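Morning, everyone. I have one structure to show, and I'll keep it short. Here it is.

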Amino acid sequence: MDTKNNNIHSIKIRNLCIDDYEIVLNWSKDDIFCSANGWEKNRSEEELYRWWLNCISNESEDFVRMGIELEERLVGYADLACIKDNTAELGIAIGESTLWGKGIGANSILCMMNYASKNLGITIFNAETHEENIRSRKMLEKIGFIEISRIGNEEYLGTENQLIQYRFK
């Protein structure tokens, strides 16, 4: 399967559901994914299940999490956080680290931005990534995000890392 060429048309954003739990459970067993996304390693299945129930039943007014589907298979999730007026912070996580670097993230962000614009009136998108996360930085810049600041530090793949903030208008 050549995902680089096929993914533009086959990526969809959809609501998450309880049936997605088994896939999320598999992601939680991928140490690279967990390290890159700030997930606790070796979580108990019960705790992860409770967390997932909370994710799918979230009714927050300033946060939305949607599933990223590639060829009818859940491969990640996209978030809109800090939703206020026409602004939101955008984030994504591709759950299978073997799919990283294939263009899925960029196309997922574009799908989520389209969803947010049409359904929530969002016109300004903020994003944040780690200085060492070169793939994420290149992806944001390719889409048209502009670096606006470097505030804060956070652990990324086991080391303390500078955070970089981006904006798309």
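Glu 89, Glu 128, Glu 154, Glu 155 and Glu 160 form a negative patch. A patch takes residues with over 30% relative accessible area and no salt bridge, with like charges joined within 9 Å. A salt bridge means a side-chain nitrogen of Lys or Arg within 4 Å of a carboxyl oxygen of Asp or Glu. Asp and Glu count as negative, and the charge of Glu is placed at CD.

This is a predicted model: local features need pLDDT of at least 70, side-chain atom pairs count only at pLDDT 80 or more, and totals for chains, interfaces and linings use all residues. Residues are numbered from 1 along each chain as its sequence is written, and side-chain values use heavy atoms, with hydrogens and water left out.

Take Glu 128. Glu 128 sits in strand 5, residues 124-130. Strands are DSSP runs of E, at least two residues; helices are runs of H or I, at least four. Glu 128 has 37% relative accessibility, so it is partly exposed. Buried is under 20%, exposed over 50%, partly exposed in between, with a 1.4 Å probe and protein chains only.

Now the rings. How many aromatic pairs does a search of the whole structure find? Eight. Rings of Phe, Tyr and Trp (its six-membered ring) pair with centres within 6.5 Å; planes under 30 degrees apart are stacked, over 60 edge-to-face, the rest tilted. Trp 27 and Phe 33 are tilted, at 6.0 Å and 50 degrees. Both Trp 27 and Phe 33 are buried.

Definitions and conventions: Patches are made of residues with over 30% relative accessible area and no salt bridge: like charges are joined within 9 Å, nonpolar side chains (Val, Leu, Ile, Met, Phe, Trp, Tyr) within 5 Å. Accessible areas come from the Shrake-Rupley method with a 1.4 Å probe; for residues, only the protein chains shown count as cover.
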